[in-house]
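Take a slow look at the chain shown here. Then follow the walk through it, one part at a time.

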Amino acid sequence: MLDVMQDDDGVILINGDLVLDGGVAGIAQQAEIRVATNRREWWLDETQGLPWIPGIMASRISSQIVANMINSEATRTAGVSDASTTAINDVRGNYSISFTVYVGSE
């Protein structure tokens, strides 16, 4: 499946055309979207996402448990074979999370 690619500024356009990617970058973007989604936010699949509000953000869950939740949710993305959370920083409820997804057998 092709995905419309985005960056921090929004949808990526080259010469006025949308950039589509069905490869590794598209799969990684889908994993990022899945992890960032609040559970029950996406009406087509209410099981997608994590319980960010009030679950993770409103409670003092350890960063290791949050990392396990992120890895588990990321691997539910089609094409992702494994995921690894590399950093979680929680500064007064402002989370900064880095994770890596692996595609295929390598």
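This is a predicted model: local features need pLDDT of at least 70, side-chain atom pairs count only at pLDDT 80 or more; totals for chains, interfaces and linings use all residues.

The paragraphs below go from confidence to a helix, its charged partners, a loop and a surface patch.

The mean pLDDT of the chain is 85. Of its residues, 96% reach 70 or more. Confidence is not even along the chain. It is highest in helix 3, residues 63-74, with a mean of 93. It is lowest in strand 6, residues 20-21, with a mean of 74.

Now find helix 1. It runs over residues 24-36 and has 13 residues. From its first C-alpha to its last, helix 1 reaches 18 Å. That is close to the 18 Å expected at 1.5 Å a residue. Which residues of helix 1 are buried? They are Gly26, Ile27, Gln29, Ala31, Arg34 and Val35. Keep one general point in mind as you turn the model. An α-helix has 3.6 residues a turn, so residues three or four places apart point the same way.

What does the side chain of arginine 34 meet in a salt bridge? The partner is glutamate 73, with N and O 3.0 Å apart. Arginine 34 lies in helix 1 and glutamate 73 in helix 3, so the pair ties together parts that are 39 residues apart in sequence. Both arginine 34 and glutamate 73 are buried. For glutamate 73, the relative accessibility is 4%. It counts as buried because the cut-off for that word is under 20%.

Glutamate 73 has another salt bridge. Here the partner is arginine 76, and the closest N and O atoms are 3.2 Å apart. Why can such pairs form? Side chains of opposite charge can pair when their charged atoms come close. Arginine 76 is partly exposed, with a relative accessible area of 40%. How many salt bridges does a search of the whole structure find? The search finds two. Arg34, Glu73 and Arg76 are linked in a network of salt bridges.

Next, move to the loop between helix 1 and helix 2, where glutamine 48 is found. Is glutamine 48 buried or exposed? Glutamine 48 is buried, with a relative accessible area of 14%. Now look at what surrounds it. Leaving aside neighbours within four places in sequence, glutamine 48 is in contact with Arg34, Glu73 and Arg76 among others. Those three names are the ones in the salt-bridge network. The contacts of glutamine 48 also include Thr37, Asn38, Arg39, Arg40 and Trp42.

Stay with arginine 40, which is found in the loop between helix 1 and helix 2. Arginine 40 counts as exposed, at 65% relative accessibility. Its backbone deserves a glance. Arginine 40 has a positive phi of about 75 degrees, although it is not a glycine. Asparagine 15 also has a positive phi, near 55 degrees, and is a residue other than glycine. Asparagine 15 is found in the loop between strand 4 (13-14) and strand 5 (17-18). At 77% relative accessibility, asparagine 15 counts as exposed.

Val11, Leu13, Leu18 and Leu20 make a nonpolar patch of about 370 Å². Valine 11 sits in strand 3, residues 10-11. It is partly exposed, with a relative accessible area of 44%.

Technical notes: Residues are numbered from 1 along each chain as its sequence is written. Side-chain values use heavy atoms; hydrogens and water are left out. Patches are made of residues with over 30% relative accessible area and no salt bridge: like charges are joined within 9 Å, nonpolar side chains (Val, Leu, Ile, Met, Phe, Trp, Tyr) within 5 Å. Accessible areas come from the Shrake-Rupley method with a 1.4 Å probe; for residues, only the protein chains shown count as cover. A salt bridge is a side-chain nitrogen of Lys or Arg within 4 Å of a carboxyl oxygen of Asp or Glu. Helices (H or I, at least four residues) and strands (E, at least two) are DSSP runs, numbered from the N terminus. Buried means under 20% relative accessible area, exposed over 50%, partly exposed in between (1.4 Å probe, protein chains only). pLDDT is the predictor's confidence in each residue, from 0 to 100. Contact means heavy atoms within 4.5 Å. The expected span of a helix is 1.5 Å times one less than its number of residues.
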